[in-house]
Amino acid sequence: MAHHLSPENKHSNSSEGRKDHTGEQAKVKEVRCEEFAAFASSENLSSPLHVPTPPPVPATPISQFGTLPEHLTPVLRPRRLRTTPVMRNLVAQTRMTPGQLVLPAFVRDGIDTPHEILSMPGVFHHSLDSIRKLAVDAVEAGIGAIDLFGIPREEDKDPYGSAAWDDKGILNRAIAAVRAEVGDDLIVCADTCLDEFTDHGHCGVVRKDGVIDNDSTVALYCQMALTQAQAGAHMVSPSGMMDGQVAAIRDTLDENGLSETALMAYSAKYASAFFGPFREAVQCSLQGDRATYQQDPRNRREGVYEALLDEAEGADIVMVKPAGYYLDVVTEVAQTSELPVAAYQVSGEYSMIEAACAKGWLDRRRTIMESVHCIVRAGADIVLTYWAIEIANWLRDTGMTNRN
């Protein structure tokens, strides 16, 4: 509906003209409001629009110490459940316990005392003696498992990583030592991969054309897993991302009377830059990257697919690695798989937080706890973290358990 003022009635410079123009605007507004109300209540809409009448403006502003008018008083008050630490703990939707934490630990051949890893402050290369003590500390803290990584002498590395399945190799000696120390009070897990043991740093056999030979590598993983189980590992953990590795290892263990040895598969392991400090930790000789066998960080559904393949091949636990920047993958795997889901808070995640806390930019304890609670909240049943013992001790402190 258009309304125009003719030139002869347009008195733009007189008060009478302004009054007439204002009156016309009010009429137009009234008509349009009536038209909208009629349209909103008609059958033109599947559900009638409700245009609430705005509350009257208080005659005087609400003072700092005043009370809200009745029509503005909240009825729903979520803050009731945040009033005290005890109340927040009572209604917490995510729970974390020491028993679901796993400590990755590094055992290095040829040293007598622990050596701190420069890029991972607070994490050490352990000797056979100090790894025993660390395992006892883990038991006392109540964590669920220790995951052992072996670091051979440089002269023991070769193109195939043969020290990995040598009974006298550093990793198998460490497995036996830890198992003898803690028995069944702590799950002794072993990393089943060749990158620490090869002179080229890749996770498998490198062909002359530079390609990682999948099937030859899987055969070596089977030898490695077998010797790890025979050394006393409760659980082996293939992390090389070779196709068919889980089925082959499971079959090898079963055929050799080791059907009770569990298998935690690195199912959705991404070619991540966040592994940087770990490369120093295991003194890896890698030149280049692992993009031809580890997953592309841009792919989410592929991670779920890999986890389901490992489940079908006989894995007992599936894993997502890294954790903190892949929470969407953790959630989808947890929602899809019937198996327990582990997530590995990797070296880069650890070192970034430690570096920021050392600068005083973050509250260390709160940041660590929040980072791991977020992984559990996303759906992880198990978390591998270098803070496992420290977190477990915090959780066991009087008045601290699961409180924020």
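Leaving aside its neighbours within four places in sequence, with which residues is Val304 in contact? The model before you is a predicted one, and in it Val304 touches Glu332, Val333 and Thr336 once those sequence neighbours are set aside. Val304 itself belongs to helix H8, which covers residues 301–313. With a relative accessible area of 9%, Val304 falls under the 20% cut-off and therefore counts as buried.

Is Glu332 buried or partly exposed? Its relative accessibility is 25%, so Glu332 counts as partly exposed. Apart from residues within four places in sequence, Glu332 is in contact with Arg300 and Val304.

Two packed helices are described by the angle between their axes and the distance between the axes. Helix H9, residues 327–336, packs against helix H11, residues 364–378, at an angle of about 35°, and the axes are 8 Å apart. On the H9 side the contact is made by Leu327, Val330 and Thr331, and on the H11 side by Cys374, Ile375 and Ala378. Sorted by class, this contact has five nonpolar residues, one polar residue and no charged residues.

I turn next to two backbone features. Most residues other than glycine have a negative phi, and most peptide bonds are trans. Where does the model have a cis peptide bond? One joins Lys321 and Pro322, with omega at about -5°. Pro322 is placed in the loop between strand E10, residues 317–321, and H9. The other feature concerns Met241, which is not a glycine and yet has a positive phi of about 60°. Met241 sits in the loop that runs between strand E8 (235–238) and helix H6 (245–255). Its relative accessibility is 6%, so Met241 counts as buried.

Another loop residue deserves attention, namely Asp109. It is found in the loop between E1 and strand E2, the latter being residues 115–116. Is Asp109 buried or exposed? Asp109 is buried, its relative accessible area being 13%. Not counting residues up to four places away in sequence, Asp109 touches Ile151, Pro152, Arg153, Asp156, Ile170 and Arg173. From C-alpha to C-alpha, Asp109 and Gly150 are 7.8 Å apart in space, and 41 residues apart in sequence.

Let us move to the second largest pocket. About 280 Å³ of space lies in it. The lining of this pocket comprises 17 residues, and those nearest the centre are Leu103, Gly122, Val123, Leu134 and Tyr386. Strand E1 (101–108), strand E3 (124–126), helix H3 (128–141) and helix H12 (388–396) are the elements that give two or more residues to the lining. Which element gives the most to that lining? E1 does, with four residues. By class, the lining has 13 nonpolar, two polar and two charged residues.

Helix H12 also has a buried side. Its buried residues are Ala388, Ile389, Ile391, Ala392, Trp394 and Leu395. Among the elements that cover these residues are E1, H3 and H11.

Finally, some values for the chain as a whole. The protein chain has 12 helices and 12 strands. Of its 404 residues, 46% count as buried. Of the contacts with a separation of 6 or more, 74% are between residues 24 or more positions apart.

As to confidence, the average pLDDT of the chain is 85, and 79% of the residues score at least 70. Which residues stay under 50 in pLDDT? Residues 1–19 do, and for this stretch the model has 10 contacts beyond four places in sequence. The pLDDT is also below 50 over residues 398–404, a stretch with 17 contacts in the model beyond near neighbours in sequence.

Key. Residues numbered from 1 in each chain as written. Predicted model: local features only at pLDDT ≥ 70, side-chain atom pairs only at ≥ 80, totals over all residues. Heavy atoms only, no water. Axes fitted to C-alpha atoms, helices over the stretch in contact; angles between N-to-C directions. Contact = heavy atoms within 4.5 Å. Nonpolar A, V, L, I, M, F, W, Y, C, P; charged D, E, K, R; others polar. Buried < 20%, exposed > 50% of the residue type's maximum accessible area, 1.4 Å probe, protein only. 1 Å grid on protein atoms, 1.4 Å probe; cavity = no way out; pocket = protein on both sides within 12 Å on 5 of 7 lines; lining within 4 Å. Points joined across faces, edges and corners; volume = space filled by probe spheres on them. pLDDT = per-residue confidence, 0-100.
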